[in-house]
Amino acid sequence: MGKLFVISGSSGVGKGTLLKLFLSRNPEFKLSVSCTTRTPRDGEVHGINYFYLSQDEFQKLIDNNEFLEWAEFSGNRYGTQKAYVEKKLSEGKNLILELDTIGALNVKKIMPEAKLIFILPPSFDELEARLRGRHTETEDAIQKRLNSTKAEIERSTQYDYRIVNDDLDKAVEELENIMCS
Ligand code: ADP
Ligand code: 5GP
């Protein structure tokens, strides 16, 4: 069986960037593909970044009890399919779930062996600058995402590990120390 890791952190903190570098250096890990009702950003691809579903399609998966966990974040729904996680772990893959803090703590309840890792920004101003610098969200979406930061950081005290993403290379090394030991 593969090992299960859950990574969370405020929107714009650099989770995607960090994981891309980590995965390029550690190909034995696999990033789970979640379902979402949010619209794809430029360059995002169905089946690679997310499975992009309509509200109805997402609701059907909830009704059929197909999600390991799901949560509403910033006005959209996001969920991880049980069968997907079971298949990857049984194939021996070390699987990474990138989840919001509510989803992550739900996974920990169901699968206590999962290791929870929270990525912190060096400061709130730097977080805002990164989120704005990405140019992917509307002002309304940026405000919603920044507003959830405080509650997420509070929930992160229940995580197994916390890493500050200041210098990217150092943060990847810390991730490797935790995940590859
Ligand atoms: P998330 O996936 O957490 O929402 P992203 O990976 O999209 O965040 O990163 C948000 C922005 O911050 C991107 O423009 C990215 O290039 C930048 N970024 C990520 N990590 C760092 C870092 N350590 N230092 C400076 N900028 C960073
Ligand atoms: P984004 O819209 O920026 O891709 O993701 C927004 C938030 O949703 C991030 O905090 C991300 O970690 C979280 N997320 C992505 N997939 C899932 C999922 O399957 N379940 C839960 N609970 N959160 C998810």
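Predicted model: local features only at pLDDT ≥ 70, side-chain atom pairs only at ≥ 80, totals over all residues.
1. Residues are numbered from 1 along each chain as its sequence is written, chains are lettered from A and ligands numbered from 1 in the order in which they are written, and side-chain values use heavy atoms, leaving out hydrogens and water.

2. Glu137 forms a salt bridge with Arg41, with 3.0 Å between the closest N and O atoms (a salt bridge is a side-chain nitrogen of Lys or Arg within 4 Å of a carboxyl oxygen of Asp or Glu). Arg41 sits in the loop between β3 (34-36) and β4 (50-52), and Glu137 in the loop between α5 (124-133) and α6 (139-147), so the pair ties together parts that are 96 residues apart in sequence. Helices here are DSSP runs of H or I with at least four residues, and strands are runs of E with at least two, numbered from the N terminus.

3. Glu137 also meets Arg134 in a salt bridge (3.0 Å, N to O). Arg134 is partly exposed, at 34% relative accessibility. Through shared partners, salt bridges join Arg38, Arg41, Glu44, Arg134, Glu137 and Arg145 into one network.

4. The structure holds 14 salt bridges, and another one to look at is Lys87 with Glu91 (2.9 Å, N to O). Lys87 is partly exposed, with a relative accessible area of 47%, and Glu91 is partly exposed as well, at 42%.

5. Helix α2 (residues 55-63) is worth a look too. Phe58, Leu61 and Ile62 are buried there. These residues cover an arc of only 105° around the axis, which puts them on the same side of α2; the arc is that of the directions from the helix axis to the C-beta atoms. Asp56, Lys60 and Asp63, on the other side of α2, are exposed.

6. Asp169 lies in helix α8 (residues 168-179) and is partly exposed, with a relative accessible area of 44%.

Terms used: Buried < 20%, exposed > 50% of the residue type's maximum accessible area, 1.4 Å probe, protein only.
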